[in-house]
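I opened my notebook to get to know a new chain. I wanted to start with the overall picture and then look at how its parts meet.

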Amino acid sequence: MTDRSRDEAVAAAVLAKVRAFASGLDPDERRVLAALLAPGVAAAWAEPSEPDVVGFEWRPDDVTSHLAAAVRAEGLRIEGWPPV
């Protein structure tokens, strides 16, 4: 397994575990978890021309870029983010 495919597998596994964890939370707890995760999810969907979409420049390295790709592949979005 190459480093790239291993990183992609790790990113997909982390998202699956987060989803499983979130499914066991009550609605209020899910909102808090969403608030914690929302900046990273928003950054995964940001266009390269708008790196400051979440208030900081997110510079993906190999692992975070694979995580961003996994977020996009899953179609993961946080409802109500960004806040208005």
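**Entry 1: the model.** I noted at the start that this is a predicted model.

**Entry 2: the elements.** I looked up the secondary structure and found three helices and zero strands. Reading from the N terminus, I wrote the order down as α-α-α.

Entry 3: How much of the chain counts as buried? I found that 21% of its 84 residues do. I then checked the surface: the chain exposes about 6100 Å², and carbon and sulfur atoms supply 58% of that area.

**Entry 4: contacts along the sequence.** I took the contacts between residues at least 6 apart in sequence, and 63% of them join residues at least 24 apart.

**Entry 5: helix 1 and helix 2.** Next I turned to a pair of helices. Helix 1 covers residues 3-23 and helix 2 covers residues 27-45. Their axes lie 10 Å apart, and the packing angle is about 150°. Are the two roughly parallel or roughly antiparallel? Angles over 145 degrees count as roughly antiparallel, so helix 1 and helix 2 are roughly antiparallel to each other. I also noted that their crossing is right-handed.

**Entry 6: who touches whom.** Which residues make this contact? From helix 1 I listed V18, F21, A22 and S23, and from helix 2 I listed R30, L33 and L37. Sorting them by class, I got five nonpolar residues, one polar and one charged.

Conventions: Residues numbered from 1 in each chain as written. Predicted model: local features only at pLDDT ≥ 70, side-chain atom pairs only at ≥ 80, totals over all residues. Heavy atoms only, no water. Axes fitted to C-alpha atoms, helices over the stretch in contact; angles between N-to-C directions. Helix = DSSP H or I, 4+ residues; strand = E, 2+ residues; numbered from the N terminus. Parallel < 35°, antiparallel > 145°, perpendicular 65-115°, else oblique. Left-handed = near helix turned anticlockwise from the far one by under 90°. Contact = heavy atoms within 4.5 Å. Nonpolar A, V, L, I, M, F, W, Y, C, P; charged D, E, K, R; others polar. Buried < 20%, exposed > 50% of the residue type's maximum accessible area, 1.4 Å probe, protein only. Areas by Shrake-Rupley, 256 points an atom, 1.4 Å probe, with all protein chains shown as cover.
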